[in-house]
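My entries follow in the order I made them.

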Amino acid sequence: MTVARQLAERILAPTFQDLPAEAVHWAKIGILDTVGVTIAGASEPCTAITAATPGIADTDGPALLFGLARRTSVLDAVLINGVASHALDYDDVNNQIGGHPSVPLVPAMFALADMVDTTGEDAIAAYVSGFEVETQIGLGVHYHHYAKGWHPTATLGIFGTVAVGARLLHLNVDQTAQALALAVSLASGVKANFGTMTKPLHIGHSLRNGVMAVLMARDGFTANEAAFEHRQGFFEVFNGADSYDASKIFDGWGTPWNVTDPGPSLKAYPCCGSTHGAIDCALALRHAHSPDLADIVKIDIRTDPKRLPHTDNPDPISGLGAKFSIQYVVARAFIDGAVRLGDFENAAYDDRGARDLMTKVSASVHPDMDDPNMDTYAAEVTITMNDGRKLSHRSGDVVLRGPGRPMDEAALFAKFADCTQRQLPAETLRSLYKMLLQLETLRRLSAVTDCLATVEPSGTMAAK
């Protein structure tokens, strides 16, 4: 049996009633967080440029554009909303996919629900299946796939998108296997473009391609069902010989569901997750010692080598680039005692205080974390003071905020509010938050987009 067919059978098998309460809970948390960061990203320049590109969103359709209060085709909506969802790099993370698990799923879910009747239960079950597909494929191809330079949120996330679409459009096993095989040829995205507008474009492009694959397979479009394992297929081309193990994809499927362990790990800070361990350390040192910044001689960051190629950026030249500068975010944590959305706006990355402190920051590999078989977001930060004192803090291995270290209710709402308060009136914000936390009770998932459609657009995205 081909890999695509084995995946298809597993994608379509579980019902909402089959899911444990914990899987339902974490699916809702992942969906809630993604809606919030998508609304926040709707007015970002990369989203605005995508939405204004001739030929994109030029026609009316059923699917809502978040933050625009207008509707267009499903394919254009997932492209634009997908860019918005990843524009701020504030969306959740999962080490098994080696990227961001929810953004390949949630924009597709809402766009398709604007086209076909979908319940909250349907959406949650589709999310769990999609999460399982992309993370289980990750187990088969990592760490080589990530280290080679692929952006797994797109190159693996596309198969999660297909899973969501196949379930919500009620494809059968044959059609789903064809959609997955077609998606093999549509997967793309390289890490060289991290820190630029192209990174979130990977997500929008991948979502559009994944949904297109489902729609075309539903209507009889064909692909080679063996496209994963073929000698010129996904595994050999994207990874190469002896750098993957397809059998791991099916080991332990759904026992437990990956959405519960390790789950979607939410970001407490609106920047690359690979910097969060170092931020935790900087905040802990600031809280414990209140160091005078003028007396700091140097700041040494040591972390997993897999965290550094895309974050060792001592001279960011844009707010987006600053999200991938471990030097900048650590300096900002020491200066302000927080890292917020506003720290990546209005050239905050270029203010004198931040620039001065960044010159004292260096990043290198931690000797305890230099193991190709481990993957951690942990870090250790040491500050050396004028008087010769060295103050150090090492973060725990669980840095992001998932099942192993969940956000409390106040922190979850605070992040959602921070992401949405510029776009939504307070009453709508709270209503939407409550609706998403009770998602399984919705008879129509489109009630969510109906709620957002009543909000006037803001910012540069309003024009087309």
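Is Asp387 buried or exposed? I find Asp387 exposed, because its relative accessibility is 55%; buried means under 20% relative accessible area, exposed over 50%, and partly exposed in between, with a 1.4 Å probe and protein chains only.

I note the ground rules here. This is a predicted model, in which local features need pLDDT of at least 70 and side-chain atom pairs count only at pLDDT 80 or more, while totals for chains, interfaces and linings use all residues. Residues are numbered from 1 along each chain as its sequence is written, and side-chain values use heavy atoms, with hydrogens and water left out.

Confidence. I read a mean pLDDT (the predictor's confidence in each residue, from 0 to 100) of 94 for the protein chain, with 98% of its residues at 70 or more. Over residues 459-464 pLDDT stays under 50.

Salt bridges. I count as a salt bridge a side-chain nitrogen of Lys or Arg within 4 Å of a carboxyl oxygen of Asp or Glu. The structure has 24 of these salt bridges. Asp387 forms one with Arg389, at 2.9 Å from N to O; Arg389 is partly exposed at 44%.

I then looked at Lys28, which pairs with Glu440 at 3.1 Å between the closest N and O atoms. Lys28 sits in helix 2 (residues 21-41) and Glu440 in the loop between helix 18 (426-437) and helix 19 (446-453), so the pair ties together parts 412 residues apart in sequence. Helices (H or I, at least four residues) and strands (E, at least two) are DSSP runs, numbered from the N terminus. Lys28 is buried at 11% relative accessibility, whereas Glu440 is partly exposed at 26%.

A further salt bridge joins Arg355 and Asp315 at 2.7 Å, N to O. Arg355 lies in helix 16 (residues 352-358) and Asp315 in the loop between strand 3 and helix 14 (319-322), 40 residues apart. I find Arg355 buried at 15% and Asp315 partly exposed at 48%.

I traced an open sheet of 4 strands in the order 4-3-5-6, with mixed pairing; two strands pair if DSSP finds at least two bridges between them. Its edges are strand 4 (361-365) and strand 6 (390-394), each pairing on one side only. Strand 3 (residues 296-303) runs parallel to strand 4 and is joined to it by 5 bridges. Thr303 stands opposite Val365 in strand 4.

Methods:
Contact = heavy atoms within 4.5 Å.
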